[in-house]
Amino acid sequence: QVRLVESGGGLVQAGGSLRLSCLASGIISSINAMGWYRQAPGNQRELVASIAITMGGSTNYADSVKGRFTISRDNAKNTVYLQMNSLKPEDTAVYYCVGLRPYSQSPYWGQGTRVTVSS
């Protein structure tokens, strides 16, 4: 089992920045990638960014956040970060950390952290 705990959400004005953190504990070796999803009221959960845990650390971003958000990892600390710059009101959502596993196994989810961007 893997436990994911997010932190760093909050209220920020449009144009501001926030950094989310996700600390993973448990059988980390079962995860091959980590990422962030978000869900706004009335919307489906969508992938924001992901990063491979294995060598290379390849990243993937939603078009809506490219150039503004950066995902990174610190394997020694079992932590993944999401640096969010130039925030927009449409970035308002609950952000969830996810641990992705191979072979179509169900992912691990954190409890979510709320980000609110005021205009």
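Serine 118 is found in strand β11, which covers residues 113–118; strands are DSSP runs of E with at least two residues, and helices are runs of H or I with at least four residues, both numbered from the N terminus. The model is predicted, so that local features need pLDDT of at least 70 and side-chain atom pairs count only at pLDDT 80 or more, while totals for chains, interfaces and linings use all residues. Residues are numbered from 1 along each chain as its sequence is written, and side-chain values use heavy atoms, with hydrogens and water left out.

**Two residues in detail**

Not counting residues up to four places away in sequence, serine 118 touches Leu11, Val12, Gln13 and Ala14, where contact means heavy atoms within 4.5 Å. Valine 48 lies 70 residues from serine 118 in sequence, and their C-alpha atoms are 20 Å apart in space.

Threonine 92 belongs to the loop between β8 (79–84) and β9 (93–100). Leaving aside neighbours within four places in sequence, threonine 92 is in contact with Ala40, Val115, Thr116 and Val117. Alanine 40 is 52 residues away along the chain, with a C-alpha separation of 6.5 Å from threonine 92.

The table gives the accessibility of both residues; buried means under 20% relative accessible area, exposed over 50%, and partly exposed in between (1.4 Å probe, protein chains only).

| Residue | Relative accessible area | Class |
|---|---|---|
| Serine 118 | 26% | Partly exposed |
| Threonine 92 | 23% | Partly exposed |

**The chain as a whole**

The protein chain has zero helices and 11 strands. Its radius of gyration is 14 Å, close to the 14 Å that the globule rule gives for 119 residues, so the chain is as compact as a globular protein of that length; the radius is taken over C-alpha atoms, and the rule is 2.2 Å times the number of residues to the power 0.38. Along the principal axes, the C-alpha atoms fill a box of roughly 40 × 30 × 25 Å. Buried residues account for 41% of the 119 residues. Of the contacts between residues at least 6 apart in sequence, 53% join residues at least 24 apart.
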